[in-house]
Amino acid sequence: MPVQNVTVIGLQWGDEGKGKVVDSLARNCRYVVRFCGGANAGHSVNIAGERFAMHLMPCGIFHAGVINVIANGVVVDPAVLLGEIEELTRRGVPVGPANLRISLAAHVVMPYHRQADSLEEQSRGAGKIGTTTRGIGPCYSDKAGRFLAIRVGDLLDDSLLAEKVKRIIEVKNRTFSALYGSAAMDAGQVLAETREFGRKLAPMVCNTGALLRRAIADGERIMFEGGQGTMLDIDHGTYPFVTSSLVSACGVPGGAGVPPKAVGQVVGLVKAYTTRVGAGPFPTEQDNAIGSCIRERGREYGTTTGRPRRCGWLDAFAVRYAVELSGVDELALSLLDVLSGFDELKICTGYRRGGKAVELLDPARMDGVECVYETLPGWSGELDNCRSFGDLPAEARRYVDRIEHLLSRPVGIISVGPQRDQIIIHNTKVVGLS
Ligand code: IMP
């Protein structure tokens, strides 16, 4: 039987704890592949009391023998990536061509993309998206526009790069000066810096799509590591309050350069409650003492920007939409430990608008809906030391059972703390865990 790949994606608005689950599953994979987003992501892994926060590096980097891939669908900020490589190497996790490959076709986040992201956000006033200002939207805009784009492969061709940088900086200087009155950038300086980045990354750059397709033919197992969460998907999320790439499992084939069948088993990460950073609709938000309590217990502050996250109850209606979109096979439930201490917990099971039940969820029309909640009893004990489903208090087990029922999918993994071993393997069929 052919090996089954596995895809791990977020089912809410990001920050579902993908880093830890990817790290747990990586030991059974030969490749771990990022296929969307860029340095807007913040994936953290805790190993032996040490915390590693990564933005671009796939979370398979901590396993010997795993080849980590930054595929064509990612936008790569070379300054951030080189910083991560340096930091990991300094902390005893060596990174090089043996364990990291970067796609020739991935697009490069340039300094003017970061600048444009901040300037565009400021100019939006009350209509701000609340982006991470990492240059993600402007870089994907140039990718779609083609004429002003730089790909990782271009960094390896000196004369092509020089021609592109000169031409692009000329256009950007004119645009930035007209729109924002910004000072002109020096093309020579941008070129020198970009060339230097290219020189350092070159040994790791290749056609990663071809590499992965060969791996599939050779029967090697691949994990696709999603960034952000489904409700931030450019096409299927709460548009326009979304990020600029396809972050659901639908983004895997295009973003990694593999056939749709290669997606394999889909594990959907769902936080036991909901959080969101930045603007946009959030029907179950608790902008009150409940939300503050979740924020403090869950340390819900952005890994990338440090911003306090908006917090609220679990929205099973929205998660069900995400489950169906990506064909999720099973769920990984994270941060269940954060909910200890509440007398009761609420789960949103549907929306109503104008007194009528909403039948089909339209994520671009979530503002102003009224949530239908069911209430479950809470539990008081801490869950940090639970290692089997039976160790959980009866009320926590009931909460998990209810999620399985509402989403019609088994909960395969339950995370009860940030450390690697704070995990309960439950109803899983994922190869290597079951
Ligand atoms: P951008 O991706 O920086 O353009 O930001 C667009 C929206 O996506 C903003 O609301 C961000 O807060 C959100 N966002 C982007 N990346 C992440 C992430 O990794 N976790 C949570 N939210 C994110």
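The term salt bridge stands for a side-chain nitrogen of Lys or Arg within 4 Å of a carboxyl oxygen of Asp or Glu. Distant parts of the chain are linked by this pair, as Asp 142 sits in helix α4 (residues 136-145) and Lys 172 in helix α5 (residues 158-180), 30 residues apart. Helices (H or I, at least four residues) and strands (E, at least two) are DSSP runs, numbered from the N terminus.

Before going on, two notes on the basis. The model is predicted, so local features need pLDDT of at least 70 and side-chain atom pairs count only at pLDDT 80 or more, while totals for chains, interfaces and linings use all residues. Residues are numbered from 1 along each chain as its sequence is written, and side-chain values use heavy atoms, with hydrogens and water left out.

**Salt bridges**

- Are Asp 142 and Lys 172 buried or exposed? Asp 142 counts as buried because its relative accessibility is 11%, and Lys 172 is buried too, at 10%. Here buried means under 20% relative accessible area, exposed means over 50%, and partly exposed is in between (1.4 Å probe, protein chains only).
- Asp 158 and Arg 195 form a salt bridge as well, with 3.0 Å from N to O. Asp 158 belongs to helix α5 and Arg 195 to helix α6 (residues 187-201), so this pair ties together parts 37 residues apart in sequence.
- With a relative accessible area of 44%, Asp 158 is partly exposed, and so is Arg 195, at 32%.
- Another salt bridge brings together the side chains of Arg 91 and Glu 50, at 2.8 Å from N to O. Arg 91 is in the loop between α2 (78-90) and β7 (100-103), Glu 50 is in strand β4 (residues 50-54), and the two are 41 residues apart.
- Arg 91 is partly exposed at 24% relative accessibility, and Glu 50 is partly exposed at 36%.
- Salt bridges also link Asp 15, Lys 271, Glu 300 and Arg 309 into a network.
- How many salt bridges turn up in the whole structure? The search finds 23.

**Around the ligand**

- The ligand has 16 residues around it, and those that come nearest are Asp 15, Asn 40, Thr 132, Thr 243 and Val 277. A residue counts as near if one of its heavy atoms lies within 4 Å.
- By class, this shell holds six nonpolar, eight polar and two charged residues.
- In the side chain of Thr 243, an N or O atom is 2.6 Å from a ligand oxygen. For Asn 40, the distance from a side-chain N or O atom to a ligand oxygen is 2.9 Å.
- Gly 130 takes part through its backbone, where a polar atom is 3.3 Å from an oxygen of the ligand.
- On its own the ligand has 470 Å² of accessible area, and the protein covers 97% of that. Such areas come from the Shrake-Rupley method with a 1.4 Å probe.

**The sheet**

- Ten strands make up an open sheet with mixed pairing, in the order β9-β7-β5-β2-β10-β1-β11-β15-β19-β20. Strands pair if DSSP finds at least two bridges between them.
- At the edges are β9 (205-206) and β20 (423-425), each pairing on one side only.
- β1 (residues 6-10) runs parallel to β11 (residues 265-271), and the two pair over five bridges. Val 8 has Val 267 as its bridge partner in β11.

Definitions and conventions
Polar contact = N/O pair within 3.5 Å; in protein donor to acceptor, adjacent residues only side chain to side chain. Nonpolar A, V, L, I, M, F, W, Y, C, P; charged D, E, K, R; others polar.
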